[in-house]
Amino acid sequence: MTIERIVLLVAGTMVLLSTILSVYHTPVWLYLTGFVGANLVFSSITGFCPMVLILRKLGFKHGPSFR
């Protein structure tokens, strides 16, 4: 699995999980959804993503995100 696919998988999972938790637990979980969205916007503008740095150190390689 490539870095790009892992980033998309984790971001999508966090958004879905926090949305479900906000419906069934407390709306405070929507802050996590907002944080993930803001991080995606920030990463697209600056090209900097902290998760990519972590995944690189763990030995994952870059690759095509879509085919």
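Colleague: Before we start, what should I know about the model and its numbering?

Modeller: Residues are numbered from 1 along each chain as its sequence is written, and side-chain values use heavy atoms, with hydrogens and water left out. Since the model is predicted, local features need pLDDT of at least 70 and side-chain atom pairs count only at pLDDT 80 or more, while totals for chains, interfaces and linings use all residues.

Colleague: How many helices and strands does the protein chain have?

Modeller: Helices (H or I, at least four residues) and strands (E, at least two) are DSSP runs, numbered from the N terminus. Here there are 3 helices and 0 strands, and the pattern along the sequence reads α-α-α. The C-alpha trace spans about 35 × 25 × 25 Å along its principal axes.

Colleague: What share of the residues counts as buried?

Modeller: Buried means under 20% relative accessible area, exposed means over 50%, and partly exposed is in between, with a 1.4 Å probe and protein chains only. Of the 67 residues in the protein chain, 19% count as buried.

Colleague: And what is the accessible surface of the protein chain?

Modeller: Accessible areas come from the Shrake-Rupley method with a 1.4 Å probe, and for residues only the protein chains shown count as cover. The total is about 5,100 Å², and 74% of that belongs to carbon and sulfur atoms.

Colleague: Let's take α1. How many residues does it have, and what span is expected?

Modeller: The expected span of a helix is 1.5 Å times one less than its number of residues. Helix α1 has 22 residues, and its first and last C-alpha atoms are 32 Å apart, close to the expected 32 Å.

Colleague: Which residues of α1 are buried?

Modeller: They are Ile3, Ile6, Val7, Ala11, Ser18 and Ser22. Looking down the axis of α1, these buried residues fall within an arc of 125°, so they line one face of the helix. The arc is that of the directions from the helix axis to the C-beta atoms.

Colleague: What do those buried residues pack against?

Modeller: For packing, think of contact, which means heavy atoms within 4.5 Å. The buried residues of α1 pack against α2 (30–46) and α3 (50–57).

Colleague: And which residues are exposed on the other side of α1?

Modeller: Leu16, Val23 and Tyr24 are exposed there. Together with Ile20, these residues make a nonpolar surface patch of about 500 Å². A patch is made of residues with over 30% relative accessible area and no salt bridge, joining like charges within 9 Å and nonpolar side chains (Val, Leu, Ile, Met, Phe, Trp, Tyr) within 5 Å. A salt bridge is a side-chain nitrogen of Lys or Arg within 4 Å of a carboxyl oxygen of Asp or Glu. Ile20 belongs to α1, residues 3–24, and is partly exposed at a relative accessible area of 48%.

Colleague: Now α2. What span should its 17 residues have?

Modeller: They should span 24 Å, and the end C-alpha atoms are 24 Å apart, which agrees. In α2, Thr33, Val36 and Ser43 are buried. Seen down the axis of α2, its buried residues fall within an arc of 95°, so they line one face of the helix. Helix α1 is among the elements covering them, whereas Tyr31, Phe35 and Ile45 are exposed on the face turned away.

Colleague: What does serine 43 contact?

Modeller: Leaving aside neighbours within four places in sequence, serine 43 is in contact with Phe48 and Cys49. Its relative accessible area is 16%. After α2 comes glycine 47, with a positive phi near 80°.

Colleague: Last, α3: is leucine 55 buried or exposed?

Modeller: Leucine 55, in helix α3, is buried at 7% relative accessibility. Not counting residues up to four places away in sequence, leucine 55 touches Ile3, Ile6, Val7 and Phe60. Across the protein chain, residues 24 or more positions apart account for 61% of the contacts with a separation of 6 or more.
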